[in-house]
Amino acid sequence: MEKQIPPEAEVAELELEAVIGFNGHVPTGLKCHPDQDHLIYPLGCTILIQAINTQEQNFLHGHGNNVSCVTISKSGVYMASGQVTFMGFKADIILWDYKKRELMARLSLHKGKIEALAFSPNDLYLVSLGGPDDGSVVVWSIAKREAICGSPAAGLNVGNATTVIFSQCRDEMFVTAGNGTIRVWELDLPSRKIWPTECQTGQMKRIVMSISMAGDDSFFYLGTTTGDILKMNPRTKLLADTGPTKGKFSLGVSAIKCLKMGGLLVGSGAGLLVFCKSPNYKPIKKIQLQGGVTSITLRGEGHHFFVGTEESHIYRVNFTDFKETLITTCHFEAVEDVVFPFGTAELFATCAKKDIRVWHTLSSRELLRITVPNMTCHGIDFMRDGKSIISAWDDGNIRAFAPETGRLMYVINNAHRIGVTAVATTSDCKRVISGGGEGEVRVWQVSHQTQKLEEALKEHKSSVSCIRVKKNNEECVTASTDGTCIIWDLVRLRRNQMILANTSFQCVCYHPEEFQIITSGTDRKIAYWEVFDGSVIRELDGSLSGSINGMDITLEGVHFVTGGNDHLVKVWDYNEGEVTHVGVGHSGNITRIRISPGNQYIVSVSADGAILRWKYPFPS
């Protein structure tokens with residue numbers, strides 16, 4: 001009963017409703033558009049345009065790999081973004097039309113990575129800087145959408161250039177800087193050449209992290225890994241001053257911005273945000289943020305500005321009282337699991353690395369964060385009564401938290417030898433079933449006061465990846481990476497049935513009528529099995545490339561969803577075994593996927609830290 005995926009023409013698209021995610025590691029990746037109403041930032045291969053005052057989001061798709069830099073022209077008409085690619089391949093720069101939210105041109109010359117981009121003040125040119133394997137600087141004509149000229153970005157005896165900035169007034173001058181190199185370039189359009197002049201810093205050797213130009217081109221400022229600031233004159237190419245001499249910024253000056261009213265906004269790698277002035281650069285105002293600062297972007301003249309950090313926080317700061325407001329948060333590590341509480345779609349919980357977070361579904365706001373430092377959470381489940389979140393950790397402990405306050409209710413110490421990899425609860429809230437990295441499945445009797453091991457079931461040879469419990473709590477199924485799925489009797493606490501396949505199982509679901517289960521894993525096949533005798537009923541090709549990691553089925557059992565390493569969310573008809581809808585939007589491997597109770601949304605999470613909410617395509 002082999003079935004092929006129908007051609008894409010017949011498959012409808014899933015509607016993407018919201019994205020929770022921001023890649024805070026992209027230098028100056030967070031931008032405020034000149035219309036002062038939108039923030040623009042990268043997430044994986046996509047670029048998000050987020051309205052500041054409403055929840056509205058637009059998505060720009062076009063890059064085949066992670067976005068490495070973003071820039072907006074002074075007028076706000078154009079946007080450009082660059083990406084990373086594999087060694088030796090060409091990395092694209094995409095020129096976008098902001099108003100129409102669509103791709104205008106694809107510019108490809110650089111290899112490996114686009115390090116930085118900048119527009120000229122009157123939207124005539126775009127300058128791009130290639131990564132370490134490329135090392136060239138190229139000037140593009142925006143009108144003709146082609147390269148005018150290029151040149152190696154740095155001299156022979158210095159390091160790579162990593163940042164670029166255009167003059168604020170002239171279309172013919174720009175500055176590049178990096179490891180031991182600061183150059184002012186003049187564009188000679190008639191002869192199609194760019195001429196560099198090396199800036200003299202005397203005895204100082206610095207690696208430049210960030211750069212900002214004064215509004216009248218009188219000076220430009222460079223932030224360094226040493227934690228000090230250099231002020232250079234672009235006409236004389238000489239160092240004007242440098243500071244602070246004492247109390248340098250810890251972990252380097254990772255972001256810097258000139259203000260119209262004079263003074264500088266400086267962000268450090270240790271998360272310090274400072275307002276200071278030349279020549280002594282002593283902090284006049286300062287606040288401490290979470291995660292190293294990677295972007296500072298002004299809204300208008302800079303009475304408000306936005307700050308992005310490495311921990312994927314976006315803050316709004318009011319300049320006059322210098323107070324920060326957290327406006328966006330998201331995971332900055334791979335998200336390992338997502339789960340809805342029983343019977344409500346208002347909230348859901350996700351876990352990634354050291355945190356469990358509870359989100360409000362409609363507004364995408366983070367309601368609660370539970371952090372266990374230096375551990376990794378592999379799986380979570382809500383108790384049916386909603387009074388606790390049960391979580392599986394890589395130190396071998398099972399921890400239960402209160403979902404309103406996040407306080408620790410109890411810990412089951414040393415529940416498994418090689419970390420707890422999966423966890424599930426029974427609907428009477430009296431038992432927790434856990435799976436470990438060594439392959440054991442353990443049944444625990446839990447209450448607030450006591451947690452007792454009822455039985456350890458040793459059958460699996462390798463880690464348990466997914467556990468699902470039958471509605472009446474008399475049976476459960478565990479999937480393992482050793483190529484077996486085992487159906488356990490939870491009354492007599494022994495094995496009922498075993499399913500073998502040449503794959504490493506990643507996910508398993510009971511059909512709601514509970515006489516069949518569906519499984520999937522690294523062999524990309526979706527298999528239907530008979531619970532009674534463990535025989536295979538049918539197999540479908542679940543994906544064209546890559547493992548399938550997440551699966552969930554509706555309460556009625558008419559449709560189910562899958563997601564995996566091909567980055568696609570697929571909605572299937574259970575009886576026909578055909579794809580009805582496909583969702584494109586993830587840029588990392590999808591790790592888990594859930595349909596909300598009441599069939600309103602599908603929520604999928606991925607290895608790049610993104611959480612995507614899709615509209616469920618069928619009327620509920």
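Let's start at S596, which is buried, with a relative accessible area of 1%; buried means under 20% relative accessible area, exposed over 50%, and partly exposed in between, using a 1.4 Å probe and protein chains only. This is a predicted model, where local features need pLDDT of at least 70 and side-chain atom pairs count only at pLDDT 80 or more, while totals for chains, interfaces and linings use all residues. Residues are numbered from 1 along each chain as its sequence is written, and side-chain values use heavy atoms, with hydrogens and water left out.

S596 sits in the loop between β55 and β56; strands here are DSSP runs (E, at least two residues; helices are H or I, at least four), numbered from the N terminus. Leaving aside residues up to four places away in sequence, S596 touches F340, A345 and Y601, where contact means heavy atoms within 4.5 Å.

Now follow the chain into β56, residues 601–606. Six of its six residues are buried, so the strand is largely enclosed by the rest of the structure. Y601, V603 and V605 point one way, I602, S604 and S606 the other, and all are buried.

What about the neighbours? On one hand there's β55 (residues 590–595), which runs antiparallel to β56 and is joined to it by five bridges; two strands pair if DSSP finds at least two bridges between them. R594 has V603 as its bridge partner. Five residues lie between these strands in their hairpin, and G598 takes a positive phi near 90°.

Then comes β57 (residues 611–615), also antiparallel to β56 and joined by five bridges. Here I602 is partnered with W614. This hairpin has four residues between its strands, and G609 in the turn has a positive phi of about 90°.
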